[in-house]
Amino acid sequence: MAERSVRWGILATGGIAATFAADLFGLPGAEIAAVASRRRESAEAFAERFGARRAYGDWESLAADPDIDVVYVATPHSAHRAAAGLCLEAGRGVLCEKPFTLNLREAEELVTLARKHDRFLMEAMWMYCNPLVRRLKALVDDGAIGEVRTVQADFGLAGPFPAAHRLRDPALGGGALLDLGVYPVSFAQLLLGEPDGIAARAVLSAEGVDLQTGALLSWDGGALAAVHCSIVGGTGATASVTGTRGRIDVPSGFFHPDRFVLHRDGRDPEEFAADPADGPRTSLRHEAEEVMRALRAGEKESPLVPLEGTLAVMRTLDAVRERIGVRYPGDAVVPAA
């Protein structure tokens, strides 16, 4: 018996939404039912491009559409709380782009809403769904390199980005940390869990966002992670995990690798390569497949991207921002009505 189709709504029509829609387009059992933008013309053009049956010029209509199983929220992260919350309250499942929200408070509010309305919710941390990253984690968990002692990961873009760019805009949650640093932090926490100690330094822009940030995460068991992100210098975007009996090196693009090398003490290096059948390394299909699998199984969250893990990463990002002195307008707590 064929598995039932999963009807997707796509909220926003920017570059990442287009990439996701293109990957959905060729995925068996995935149907793009509707798209929404604050500009109806944009929604209609997107719907025509990707074969969506309906186009809405407002978010509310998409959220209220009863023929949608799950909404992919692809707005700037400053709007994630509002957009995802609207969909959850209307009874839709949600896959929300990373970083999940601006801060921990907003993330906790979304998780509370999902549980209150008994709806599926997942952060679009595609790295966690990548087959090769999952293989790397399985090797580490199985003790292939012994007990993990250090993790190193970096992600930087060369820029320069003008002051008007969203990456420089505090109102849009600009800076390197939330856009790029979320990957090194999430990679470290995938392998070691939530850190017990956090130290950080940054270089800030005139607007008050971080141009580059370095953080040292520590665990009471003795492990350390050095993570770095930048919007003023292109880095190798590499990662390395060192344990008591070996090391794993991930070359450029560690968050969507095409290979990694396992070095075990006393043995020749072993290379693990991506399966060509899994598609291009930039594909978002794996996170979409995981959402569809979970929905068909009646699950309200994914074991690959659990909500508690998302909250733990947001706690770390909040702590780093506190230490480097970056605050956003959306950090202010809005009093209850």
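Which side chains meet in a salt bridge at 1.9 Å, N to O? They are R53 and E31, where a salt bridge is a side-chain nitrogen of Lys or Arg within 4 Å of a carboxyl oxygen of Asp or Glu. R53 sits in the loop between α2 (40-50) and β3 (54-56), and E31 in strand β2 (residues 30-36), so the pair ties together parts that are 22 residues apart in sequence. Helices (H or I, at least four residues) and strands (E, at least two) are DSSP runs, numbered from the N terminus. E31 counts as partly exposed because its relative accessibility is 23%; buried means under 20% relative accessible area, exposed over 50%, and partly exposed in between (1.4 Å probe, protein chains only).

Before we go further, a word on the model. It is predicted, so local features need pLDDT of at least 70 and side-chain atom pairs count only at pLDDT 80 or more, while totals for chains, interfaces and linings use all residues. Residues are numbered from 1 along each chain as its sequence is written, and side-chain values use heavy atoms, with hydrogens and water left out.

The structure holds 27 salt bridges. In one of them the side chains of D69 and R7 meet at 3.0 Å, N to O. This pair links distant parts of the chain, 62 residues apart: D69 is in the loop between α3 (59-64) and β4 (70-73), and R7 is in strand β1 (residues 6-11). D69 is buried, at 18% relative accessible area, whereas R7 is partly exposed at 25%.

Another salt bridge joins the side chains of E308 and R115 at 3.6 Å, N to O. Here E308 belongs to helix α10 and R115 to helix α5 (residues 104-116), so parts 193 residues apart in sequence are tied together. E308 is partly exposed at 44%, and R115 is partly exposed at 46%. Returning to D69 and R7, salt bridges that share partners join R4, R7, D67 and D69 into one network.

Now follow α10 to a helix that it meets. The axes of α8 (residues 176-192) and α10 (residues 307-324) come within 10 Å and cross at roughly 125 degrees; axes are lines fitted to C-alpha atoms, for helices over the stretch in contact, and angles run from 0 to 180 degrees between N-to-C directions. The contact (heavy atoms within 4.5 Å) includes L177, L178 and V182 of α8 and A312, V313 and T316 of α10.

Finally, look at P276, in the loop between β14 (270-273) and α9 (285-296). P276 is exposed, at 74% relative accessibility.
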